[in-house]
Amino acid sequence: MSPVEGQSGAASSSAGLSRLLPRLRRLSTLRTSGLIWVLLAMCIAAAIISPAFLNPFNVINVLRQIALFGIVSIGMTFVILTAGIDLSVGSIVAVTAVISAMLLDVGTAIPLVLLAGLVVGTAMGSLNGLGITLGGMPPFIMTLGMMVMGRGLAMTISGGHPIHFREEAESFAWLGQGHFLSLPVPVWIFAAVAAGAWFILRYTAFGRNVYAVGSNPEAARLSGIDVGRTIFSVYAISGFLSALTALIFVSRLTVGEPVAGMGLELEAIAITVIGGTSLFGGEGSVIGTIVGAAIIAVLANILNLFGVSPFTQQIVKGAIIVAAVLFEMQRRRRSSSAS
Amino acid sequence: MVDEGPDRGHDTPPLLEMTGITKTFPGVVALNGVDFAVRVGEVHGLVGENGAGKSTLIKVLAGADSADHGSIRIDGRQIANTTPLRMIELGIAVIYQELMQAPHLTVAENIFLGRLPKSRFGLIDWPRLNAESLAVMQRLGFRVDPRARLSQLSVAQRQMVEIASALSRNARIVVLDEPSAVLGGSELARLFEIIRRLAGEGVGFIYISHRLQEVFTVCDRVTVLRDGSVVGTRPVGEVDTQTLIGMMVGRELADIYPRRNRRSGAPVLAVVGLTRGRTLTDVDLEVRQGEILGICGLAGSGRTELLRALIGADAAQSRSYRLRGRPFRMSSPRVAIRHGVSLLPEDRKTEGCFLPQSVAFNVTISRLDTLKNGALLSSRRERSIVGDLVRRLNIRTPAAETRVRQLSGGNQQKCMIARSLNAKCAILLIDEPTRGVDVGAKHEIYQLLAHLADAEGAAIVMVSSELPEILGLSDRIVVMRDGRVAGRFERAEASEEALMACAVGAREMAA
Amino acid sequence: MRIPVKTLTSAAGAALIAGLASAAFAQDKIPIGFSQGTMESSWRVNMVEGNKKYAEENLSDVNLIITNGENNASKQVSDVESLIAQGVKVLIISPVTADALTPVVKQAMGAGIPVVTLDRKVNTDVTSHIGADNVLIGKTAGEFVCETLGGEGNVIEIQGTAGASATIDRHDAFHAVLAEKCPGVKVVADQVANYVREPAIKFMEDMLQRFGPGEIDLVYAHNDDMALGAVTALEAAGRLDEVQVVGIDGENAAYDAIKDGKMVATFTYHFVAPEGVQYGYKVAKGEEIPEEIVLPTHQVDASNVDQFLGKGF
């Protein structure tokens, strides 16, 4: 039925093109496969040098570390996929931590505390989203403002002091300190969040819209995507996941600290970027972010096991971040010049 | 037509002589023993489909790439070490389609970019800079205030500035890569004048264009490349469009434009009094089912703005807007697509395609619920839907997962059309359907559009700068000038001269 | 694509191995964990260095693993978890804040790892706490201030890290004495400056704007770093002669300041080195040590500063 049937044309413009093959090439794995090799190599090297690395306690420790930073990094992934950035995650954690601790201290039921915390974080993230979509502010500026205001808010509400809560709320400790099937609860939470995020990005229209908006916002608009709603949503998601992280932190420390989450945004951005998500938007994956979190966690673990000075650790971490991004840019340059 | 000038340079060595140029990249031979020469004062056209090797040849000439084999001679002297800097010093200047300019700097600064004249103390000598800029522009027969900021100039003027910059470096061979892509009729005429004037002074030109009529207008000889090899070099007087196309494509294309079975139905989109600020004033327009409505006019006449306003991408007011006979408020592209109206924007790369994403992504993005299995998207459904469309439109791609960035212009355009079809849009607004598309794919796209209109009853509104295209495909034609409708034509009564005259304003035609 | 990755990683791996092979051999010694809360002040750095040096010189069968919480309770908790996973025999810890580190210390104690807290406490039972008595310091400082001001005056208080037991003690004890012995002395403003000089300077500058000449009589800073910061701000504003500055810790710079008349007093605060690792080692060897080991503290003012010059840190 094709009108161009029989018009094979010279097809000289792309030598050796084949017909469409229903091959399932999973693009995200291709991109991150290099990183997975790096991670594996690190683990193998560590295991060879120090058998303590494979000690089950240590492995669980590393998994826990991945989970603690991974949750907020997944939120950051959504944001960076749209070519945005969220500098306020640390402050959202602080406000949520302080408010939840205060609620626990006056005896609020735990399910309500959880709900309230998540609502607070999502609300702050939504404010970011509104400022960026309706207000037209660049994400860097809007979330920077929220970062500063949020920190101030946390300090003001708490008077600058950590908020502790009474002993009866012991059962709240399960969230951050408990174990389920011998793995720490945060690890399960992270697994659920990661699975959910992966599904959304891969198998929902919203997920596609996120990639489209990040690749080319004008083309997205002309293709009929509601750009404003998509952008708003990713910031709300980031706020939600920041709040979730805060609840876990509060449970782990049994205090709500107004200084909680300082520097968390940089960790999350580093993890996301190492995991292959482009700061220019449109490229990245949940799997990449998981691997990024794992690389950072394993690296810190290795350096700890070998007694490397904490100061040196920072140098190494910074160098890895730069190296990882350089590596990703090289790969991108090579793949685009091959056209 | 320019005289070959037998007394020009036949016994002296050619200005430029590239011999046996071969260049391979992994897996593909880009240039295969290419011989290409330009005489002193010659305007030499270079044509070929996308991927034929034109850009690679120019890159080798400019020193950006080095050939694996072959030699380059300028004035008979072989150039051993070709670096970009060296080639510029030797007088090679390339004016790319994407102008390499600094929009926030002044005209004079742009002309002398990187070589600003300095005074005794090492500071910039502004008076000298402006004076020398004026001198160069005078040579071109073109003048703007050298202190004006570049962003304030029109695209045509910016192109002139670029040429001035090349001249100020004493360019002896100027390569023009698709210069007319951004120019309208009168600007193009001026460009040709300048080319002839400079050629008269001995500057050699290499003129690359997909628009063959231009080659006939301004060039002395023309070389056709196909698949990295030279098919032939001929004086322009000895060939015609058909022959050239035949050489480019490797076969005779009997009919570039498909035969149409014209049968129009009821109006599906009708707007009265469409106005947007100063860019559109009181435009009445109507397109019918099964019809192709062509819109032409000079650059800046409001053609693109018209399409954007029709689809709600830009805010506009109208006295009446009816979609399929019923009043409608076109508030956004989202609403438009949901009601079956889609836009293929003028600039595919920046406004249309999601370059880093796959073909499948690009094709399905406007309407994802056809892929849904419950709440989630089904890869199986996607594969089948995308596979169908790829086959139907003959989109040449290794796989549905290939990134659109890697496709040729023609196939990218077909993806855009596929996107509209997937979104079940029967009213297509297309801005420059074959810009950056090579001849073979152009033909396919024309066939496709004709089929959509004739066999499937789609209504197509098509903006184009190529009058032959407008005349070849349209049922009715609207000419825009300064944001208004300057004339309406039925296909039968239209001709290139009439359309151009109307666009330029020489004669008003009855609406 | 894969080849450059592997080259890169094997190069990095080789570097790691080469650089840290020596550390790997330390696996045969007794692992003792030392979790420092922050290294932002010289006092803390001295604590770590003092203990580390002692262990290197005298305890050859000990592998002292040191971590830095970077003033972040969350990080320090992770540090402790890491140390536990590495199987340390004793945990020596100076927590950033009391409450936040309590659960993980409880976990360590529960897992049979003896815990020795240095300088700052947690809110659960530990094997032993070693430190100078902050309550005593706060009390003595309060009495000194009462006396110096003759029972009347305005005081600016610059506090340490909120939630640390040292801060709480230095603050509460001070105020208790003021309330009891000289209610005429009032703390008109206070701010948390985390024991770090820079925020203290900023705060002091703001206070000098808020309170005009003659409205501030004395500055009570929870450590010398902050006290010296206050001195800097006062000097810059030319108001040092009307305000007395009191610090805590016993830095050489503070002694010099007292000698020059820029500060009026400081209270020595032992940085628990080498006592930290000394007692930790005893516990590792199975010895009994007292539950609370109080380190002595001295009031240093103009009258006795000559004896202390150069003996601080």
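Good morning. I begin with chain C, which has 11 helices and 12 strands; helices are DSSP runs of H or I of at least four residues, strands are runs of E of at least two, and both are numbered from the N terminus. The model is predicted, so local features need pLDDT of at least 70 and side-chain atom pairs count only at pLDDT 80 or more, while totals for chains, interfaces and linings use all residues. Residues are numbered from 1 along each chain as its sequence is written, with chains lettered from A and ligands numbered from 1 in the order in which they are written.

Along its principal axes, the C-alpha trace of chain C spans about 70 × 55 × 35 Å. Of its 313 residues, 53% count as buried. Here a residue is buried if 20 or more other C-beta atoms, placed from the backbone, lie within 10 Å of its own, exposed if 12 or fewer do, and partly exposed in between.

An automatic or database domain assignment divides chain C into domain 1 (29-131 + 271-295) and domain 2 (134-270 + 300-308). The C-alpha centres of these two domains of chain C lie 29 Å apart. Where they meet, 13 residues of domain 1 are in contact with 11 residues of domain 2, contact meaning that C-beta atoms placed from the backbone lie within 7 Å. The domain 1 side of that meeting has six nonpolar, two polar and five charged residues. In this scheme Ala, Val, Leu, Ile, Met, Phe, Trp, Tyr, Cys and Pro are nonpolar, Asp, Glu, Lys and Arg are charged, and the others, Gly among them, are polar.

Next, how does chain C meet chain A? In total, 32 residues of chain C are in contact with 34 residues of chain A. On the chain C side, α1 (2-25), β2 (62-68), α3 (73-85) and α4 (98-110) each supply at least two residues. Which of these elements gives the largest share? That is α1(C), with 10 residues. By class, this side of chain C divides into 16 nonpolar, 12 polar and four charged residues.

I turn to the nonpolar cores, which are sets of buried Ala, Val, Leu, Ile, Met, Phe, Trp, Tyr and Cys residues joined through C-beta atoms within 7 Å. The largest has 237 residues, and A:Ile295, B:Leu449, B:Ile460 and C:Leu91 touch the most other members. Helix α10 (residues 227-253) of chain A gives the most to this core, with 17 residues. Beyond its neighbours within four places in sequence, A:Ile295 is in contact with A:Leu35, A:Val38, A:Leu39, A:Met42 and A:Ile274.

Finally, chain B. Its assignment gives domain 1 (1-91 + 172-180 + 203-254) and domain 2 (267-340 + 425-504), and the C-alpha centres of those domains lie 36 Å apart. Is helix α9 (residues 303-311) of chain B mostly covered or uncovered? It is mostly covered, with nine of its nine residues buried, including B:Arg303, B:Glu305 and B:Arg308. After α9(B) comes B:Gly312, with a positive phi near 85°.

Chain B also holds an open, mixed sheet of six strands in the order β16-β19-β20-β13-β21-β22. Strands pair if DSSP finds at least two bridges between them; the edge strands β16 (341-344) and β22 (484-490) of chain B each pair on one side only. Within the sheet, four bridges join β13 (residues 292-297) of chain B to β20 (residues 459-463) of chain B, and the two run parallel. There, B:Ile295 stands opposite B:Val463 in β20(B). Thank you.

Conventions
Two residues are in contact if their C-beta atoms, placed from the backbone, lie within 7 Å.
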